[in-house]
Amino acid sequence: METELILKLILLWVIGVVTGVINTLAGGGSLLTLPMLIFLGLPPSVANGTNRIAILIQSIVTNLGFRSKGIKTYPFSIYFGISATLGAILGAQLAIEIDGELFNKILAVIMIIVVTYLVLNRKPKVDFAFEKVKGKSLWTSIILFFFVGIYGGFIQAGVGFLMLLVLAGVNNFSLVKSNAIKIVVTGIYTIFAVGIFVINDKMNWEYGLILAFGNALGGWFTSRWSVSKGDGVVKIFLVIMVLIMAVKLWFFTD
(Lines give C-alpha, C1' and ligand atoms only; values in the text may rest on other atoms or scores of the structure.)
Protein backbone atom coordinates (compact mmCIF):
# COMPACT_ATOMS: atom_id res chain seq x y z
CA MET A 1 0.00 0.00 0.00
CA GLU A 2 2.86 2.33 0.83
CA THR A 3 4.55 1.51 -2.49
CA GLU A 4 1.32 2.28 -4.34
CA LEU A 5 1.06 5.65 -2.58
CA ILE A 6 4.67 6.52 -3.44
CA LEU A 7 4.04 5.67 -7.11
CA LYS A 8 0.94 7.87 -7.11
CA LEU A 9 2.87 10.76 -5.59
CA ILE A 10 5.67 10.38 -8.16
CA LEU A 11 3.06 10.39 -10.94
CA LEU A 12 1.52 13.51 -9.42
CA TRP A 13 4.93 15.21 -9.41
CA VAL A 14 5.53 14.29 -13.06
CA ILE A 15 2.10 15.65 -14.00
CA GLY A 16 3.08 18.80 -12.10
CA VAL A 17 6.22 19.28 -14.20
CA VAL A 18 4.25 18.81 -17.43
CA THR A 19 1.53 21.25 -16.38
CA GLY A 20 4.17 23.77 -15.29
CA VAL A 21 5.42 23.75 -18.88
CA ILE A 22 1.90 23.95 -20.34
CA ASN A 23 0.74 26.74 -18.04
CA THR A 24 3.81 28.85 -18.76
CA LEU A 25 3.59 28.49 -22.53
CA ALA A 26 -0.18 28.85 -22.85
CA GLY A 27 -2.57 27.58 -20.17
CA GLY A 28 -4.95 24.71 -19.56
CA GLY A 29 -2.62 22.63 -17.41
CA SER A 30 -5.33 22.25 -14.76
CA LEU A 31 -7.13 19.94 -17.18
CA LEU A 32 -4.43 17.43 -16.28
CA THR A 33 -4.01 18.18 -12.59
CA LEU A 34 -7.68 18.30 -11.60
CA PRO A 35 -8.53 14.81 -13.00
CA MET A 36 -5.33 13.43 -11.44
CA LEU A 37 -6.21 14.81 -8.01
CA ILE A 38 -9.70 13.33 -8.31
CA PHE A 39 -8.16 10.01 -9.41
CA LEU A 40 -6.13 10.04 -6.21
CA GLY A 41 -9.39 10.13 -4.24
CA LEU A 42 -10.03 13.82 -3.59
CA PRO A 43 -13.59 15.16 -3.89
CA PRO A 44 -13.89 17.59 -6.85
CA SER A 45 -14.16 20.68 -4.64
CA VAL A 46 -11.07 19.63 -2.63
CA ALA A 47 -9.20 18.86 -5.87
CA ASN A 48 -10.13 22.34 -7.09
CA GLY A 49 -8.76 23.93 -3.94
CA THR A 50 -5.64 21.73 -3.75
CA ASN A 51 -4.74 22.64 -7.32
CA ARG A 52 -4.47 26.31 -6.27
CA ILE A 53 -1.47 25.57 -4.04
CA ALA A 54 0.50 24.45 -7.07
CA ILE A 55 -0.75 27.37 -9.17
CA LEU A 56 0.36 29.87 -6.50
CA ILE A 57 3.86 28.48 -6.05
CA GLN A 58 4.32 28.01 -9.79
CA SER A 59 3.32 31.64 -10.36
CA ILE A 60 5.97 32.88 -7.92
CA VAL A 61 8.78 30.74 -9.35
CA THR A 62 7.85 31.32 -13.00
CA ASN A 63 7.72 35.08 -12.45
CA LEU A 64 11.27 34.93 -11.13
CA GLY A 65 12.22 33.04 -14.29
CA PHE A 66 10.77 35.76 -16.53
CA ARG A 67 12.39 38.50 -14.46
CA SER A 68 15.78 36.80 -14.74
CA LYS A 69 15.43 37.23 -18.51
CA GLY A 70 14.59 40.92 -18.23
CA ILE A 71 10.81 40.70 -18.83
CA LYS A 72 9.09 43.47 -16.85
CA THR A 73 5.39 43.35 -15.97
CA TYR A 74 4.96 46.34 -13.63
CA PRO A 75 2.68 48.28 -13.36
CA PHE A 76 0.16 46.47 -15.59
CA SER A 77 0.33 43.21 -13.65
CA ILE A 78 -0.68 45.15 -10.52
CA TYR A 79 -3.60 46.95 -12.19
CA PHE A 80 -4.94 43.75 -13.73
CA GLY A 81 -4.09 41.70 -10.64
CA ILE A 82 -6.22 43.87 -8.35
CA SER A 83 -9.13 43.75 -10.77
CA ALA A 84 -8.84 39.98 -11.21
CA THR A 85 -8.63 39.49 -7.44
CA LEU A 86 -11.99 41.19 -6.90
CA GLY A 87 -13.52 38.81 -9.43
CA ALA A 88 -11.67 35.76 -8.10
CA ILE A 89 -13.00 36.23 -4.58
CA LEU A 90 -16.51 36.02 -5.99
CA GLY A 91 -15.61 33.11 -8.30
CA ALA A 92 -13.95 31.04 -5.56
CA GLN A 93 -16.98 31.43 -3.34
CA LEU A 94 -19.19 30.22 -6.19
CA ALA A 95 -16.90 27.22 -6.69
CA ILE A 96 -17.71 26.00 -3.20
CA GLU A 97 -21.39 25.65 -4.09
CA ILE A 98 -22.13 25.73 -7.85
CA ASP A 99 -21.70 23.05 -10.53
CA GLY A 100 -19.52 24.22 -13.43
CA GLU A 101 -20.85 22.21 -16.43
CA LEU A 102 -22.52 25.14 -18.18
CA PHE A 103 -19.57 27.37 -17.39
CA ASN A 104 -17.25 24.85 -19.04
CA LYS A 105 -19.29 24.81 -22.25
CA ILE A 106 -19.23 28.59 -22.39
CA LEU A 107 -15.46 28.51 -21.97
CA ALA A 108 -15.14 25.94 -24.78
CA VAL A 109 -16.74 28.48 -27.14
CA ILE A 110 -14.36 31.18 -25.90
CA MET A 111 -11.42 28.86 -26.55
CA ILE A 112 -12.43 28.52 -30.19
CA ILE A 113 -12.64 32.31 -30.44
CA VAL A 114 -9.09 32.55 -29.06
CA VAL A 115 -7.61 30.09 -31.53
CA THR A 116 -9.48 31.70 -34.42
CA TYR A 117 -8.08 35.07 -33.44
CA LEU A 118 -4.54 33.70 -33.24
CA VAL A 119 -4.76 31.96 -36.60
CA LEU A 120 -6.40 34.83 -38.49
CA ASN A 121 -4.63 37.76 -36.86
CA ARG A 122 -1.45 38.35 -38.83
CA LYS A 123 -0.83 41.95 -37.78
CA PRO A 124 2.86 42.17 -36.88
CA LYS A 125 3.88 43.36 -33.43
CA VAL A 126 7.19 44.99 -34.20
CA ASP A 127 8.21 46.21 -30.76
CA PHE A 128 6.84 47.49 -27.48
CA ALA A 129 6.30 50.97 -28.89
CA PHE A 130 2.97 49.73 -30.23
CA GLU A 131 1.64 48.53 -26.88
CA LYS A 132 -1.75 50.03 -26.00
CA VAL A 133 -1.32 50.82 -22.33
CA LYS A 134 -3.23 54.05 -21.74
CA GLY A 135 -6.75 55.43 -21.74
CA LYS A 136 -9.52 53.27 -23.19
CA SER A 137 -7.34 50.21 -23.81
CA LEU A 138 -6.07 50.16 -20.24
CA TRP A 139 -9.49 50.56 -18.66
CA THR A 140 -11.06 48.02 -21.01
CA SER A 141 -8.53 45.44 -19.85
CA ILE A 142 -9.00 46.31 -16.19
CA ILE A 143 -12.74 45.71 -16.53
CA LEU A 144 -12.26 42.51 -18.53
CA PHE A 145 -9.82 41.17 -15.94
CA PHE A 146 -12.53 41.40 -13.30
CA PHE A 147 -14.61 38.89 -15.27
CA VAL A 148 -11.54 36.79 -16.04
CA GLY A 149 -10.93 36.72 -12.29
CA ILE A 150 -14.42 35.35 -11.66
CA TYR A 151 -13.67 32.40 -13.89
CA GLY A 152 -10.18 31.97 -12.46
CA GLY A 153 -11.52 31.89 -8.94
CA PHE A 154 -14.21 29.44 -9.96
CA ILE A 155 -12.24 26.70 -11.72
CA GLN A 156 -8.85 28.05 -12.94
CA ALA A 157 -8.52 25.65 -15.91
CA GLY A 158 -8.09 27.73 -19.03
CA VAL A 159 -8.01 31.16 -17.43
CA GLY A 160 -4.61 31.76 -19.01
CA PHE A 161 -6.18 31.69 -22.47
CA LEU A 162 -8.60 34.42 -21.52
CA MET A 163 -5.81 36.57 -20.12
CA LEU A 164 -3.75 36.15 -23.28
CA LEU A 165 -6.73 37.11 -25.41
CA VAL A 166 -7.11 40.37 -23.46
CA LEU A 167 -3.40 41.19 -23.19
CA ALA A 168 -2.54 40.46 -26.82
CA GLY A 169 -5.84 41.56 -28.34
CA VAL A 170 -6.61 44.71 -26.35
CA ASN A 171 -3.20 45.90 -25.16
CA ASN A 172 -1.11 44.60 -28.06
CA PHE A 173 1.48 42.97 -25.81
CA SER A 174 3.74 40.32 -27.34
CA LEU A 175 2.82 36.77 -26.34
CA VAL A 176 6.01 36.43 -24.30
CA LYS A 177 5.25 39.57 -22.28
CA SER A 178 1.56 38.60 -22.08
CA ASN A 179 2.60 35.29 -20.55
CA ALA A 180 4.78 37.08 -18.00
CA ILE A 181 1.93 39.41 -16.99
CA LYS A 182 -0.49 36.47 -16.90
CA ILE A 183 1.74 34.64 -14.41
CA VAL A 184 1.90 37.61 -12.01
CA VAL A 185 -1.84 38.30 -12.20
CA THR A 186 -2.57 34.62 -11.55
CA GLY A 187 -0.33 34.65 -8.51
CA ILE A 188 -1.99 37.75 -7.07
CA TYR A 189 -5.58 36.55 -7.26
CA THR A 190 -4.69 32.95 -6.35
CA ILE A 191 -3.52 34.12 -2.92
CA PHE A 192 -7.08 35.17 -2.13
CA ALA A 193 -8.66 32.17 -3.84
CA VAL A 194 -6.49 29.86 -1.73
CA GLY A 195 -7.68 31.67 1.39
CA ILE A 196 -11.33 31.00 0.54
CA PHE A 197 -10.70 27.30 -0.11
CA VAL A 198 -8.73 27.01 3.14
CA ILE A 199 -11.49 28.67 5.14
CA ASN A 200 -13.96 26.17 3.69
CA ASP A 201 -11.59 23.22 4.39
CA LYS A 202 -11.17 22.31 0.72
CA MET A 203 -7.43 21.58 0.72
CA ASN A 204 -5.11 18.57 0.75
CA TRP A 205 -1.73 20.09 1.56
CA GLU A 206 0.37 16.96 0.96
CA TYR A 207 -0.84 16.51 -2.62
CA GLY A 208 -0.85 20.23 -3.22
CA LEU A 209 2.78 20.75 -2.23
CA ILE A 210 4.04 17.77 -4.26
CA LEU A 211 2.15 19.02 -7.29
CA ALA A 212 3.48 22.52 -6.64
CA PHE A 213 7.09 21.32 -6.63
CA GLY A 214 6.59 19.81 -10.09
CA ASN A 215 4.75 22.89 -11.37
CA ALA A 216 7.47 25.20 -10.13
CA LEU A 217 10.24 23.17 -11.76
CA GLY A 218 8.47 23.04 -15.12
CA GLY A 219 7.51 26.70 -14.94
CA TRP A 220 11.00 27.96 -14.07
CA PHE A 221 12.80 26.31 -16.96
CA THR A 222 10.02 26.97 -19.47
CA SER A 223 9.77 30.68 -18.60
CA ARG A 224 13.47 31.15 -19.38
CA TRP A 225 13.37 28.98 -22.50
CA SER A 226 10.25 30.61 -23.97
CA VAL A 227 11.81 34.09 -23.82
CA SER A 228 14.68 32.98 -26.06
CA LYS A 229 12.31 31.21 -28.46
CA GLY A 230 9.99 34.21 -28.83
CA ASP A 231 6.33 34.43 -29.88
CA GLY A 232 6.44 31.75 -32.57
CA VAL A 233 6.84 28.73 -30.32
CA VAL A 234 4.44 30.17 -27.72
CA LYS A 235 1.81 30.58 -30.42
CA ILE A 236 2.14 26.96 -31.55
CA PHE A 237 1.70 25.60 -28.03
CA LEU A 238 -1.16 28.01 -27.41
CA VAL A 239 -3.13 26.89 -30.47
CA ILE A 240 -2.62 23.20 -29.65
CA MET A 241 -3.72 23.56 -26.03
CA VAL A 242 -6.74 25.69 -26.94
CA LEU A 243 -8.03 23.02 -29.33
CA ILE A 244 -7.45 20.18 -26.87
CA MET A 245 -9.08 22.09 -24.05
CA ALA A 246 -12.13 23.14 -26.06
CA VAL A 247 -12.88 19.54 -27.02
CA LYS A 248 -12.32 18.42 -23.43
CA LEU A 249 -14.64 21.05 -21.98
CA TRP A 250 -17.44 20.55 -24.49
CA PHE A 251 -17.62 16.75 -24.63
CA PHE A 252 -16.22 15.61 -21.29
CA THR A 253 -17.68 17.84 -18.60
CA ASP A 254 -18.61 15.16 -16.08
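In which hand does helix 4 pass helix 6? Helix 4 passes helix 6 in a right-handed crossing, a term used when the near helix is turned clockwise from the far one by less than a right angle. Let us see where that pair sits in the whole protein.

The model is a predicted one, in which local features need pLDDT of at least 70 and side-chain atom pairs count only at pLDDT 80 or more, while totals for chains, interfaces and linings use all residues. Residues are numbered from 1 along each chain as its sequence is written, and side-chain values use heavy atoms, with hydrogens and water left out.

**The whole protein**

You will find 10 helices and 0 strands here; helices (H or I, at least four residues) and strands (E, at least two) are DSSP runs, numbered from the N terminus. Along the sequence the pattern reads α-α-α-α-α-α-α-α-α-α. Of the 254 residues, 54% count as buried, meaning under 20% relative accessible area, with exposed being over 50% and partly exposed in between (1.4 Å probe, protein chains only). Among contacts (heavy atoms within 4.5 Å) with a separation of 6 or more, 85% join residues 24 or more positions apart.

**Helices in pairs**

Two packed helices are described by the angle between their axes and the distance between the axes. Axes are lines fitted to C-alpha atoms, for helices over the stretch in contact, and angles run from 0 to 180 degrees between N-to-C directions.

| Helix pair | Angle | Axis distance |
|---|---|---|
| Helix 2 (residues 30-39) and helix 3 (residues 44-68) | about 130° | 9 Å |
| Helix 4 (residues 76-97) and helix 6 (residues 135-154) | roughly 35° | within 6 Å |
| Helix 7 (residues 159-169) and helix 8 (residues 175-199) | about 130° | 9 Å |

The contact of helix 4 with helix 6 has 16 nonpolar, 6 polar and no charged residues. In this sorting, Ala, Val, Leu, Ile, Met, Phe, Trp, Tyr, Cys and Pro are nonpolar, Asp, Glu, Lys and Arg are charged, and the others, Gly among them, are polar.

Helix 2 and helix 3 are oblique to each other; angles under 35 degrees count as roughly parallel, over 145 as roughly antiparallel, 65 to 115 as roughly perpendicular and the rest as oblique. Their crossing is right-handed. From helix 2, Ser 30, Thr 33, Leu 34, Leu 37 and Ile 38 meet residues of helix 3 that include Pro 44, Ala 47 and Ile 55. This contact holds 6 nonpolar, 5 polar and no charged residues.

Leu 32 also belongs to helix 2 and is partly exposed, with a relative accessible area of 36%. Setting aside neighbours within four places in sequence, Leu 32 touches Ile 15, Val 18, Thr 19 and Ile 22. Leu 32 and Ala 157 are 125 residues apart in sequence, but 9.2 Å apart in space, C-alpha to C-alpha.

Helix 7 and helix 8 are oblique too, and helix 7 passes helix 8 in a right-handed crossing. Among the residues making the contact are Met 163 and Leu 167 of helix 7 and Ile 181 and Tyr 189 of helix 8. The contact divides into 9 nonpolar, 4 polar and 1 charged. Helix 7 is mostly covered, with 9 of its 11 residues buried, including Phe 161 and Leu 162.

Ile 191, in helix 8, is partly exposed at 48% relative accessible area. Ile 191 and Ile 89 lie 102 residues apart in sequence and 9.9 Å apart in space, C-alpha to C-alpha.
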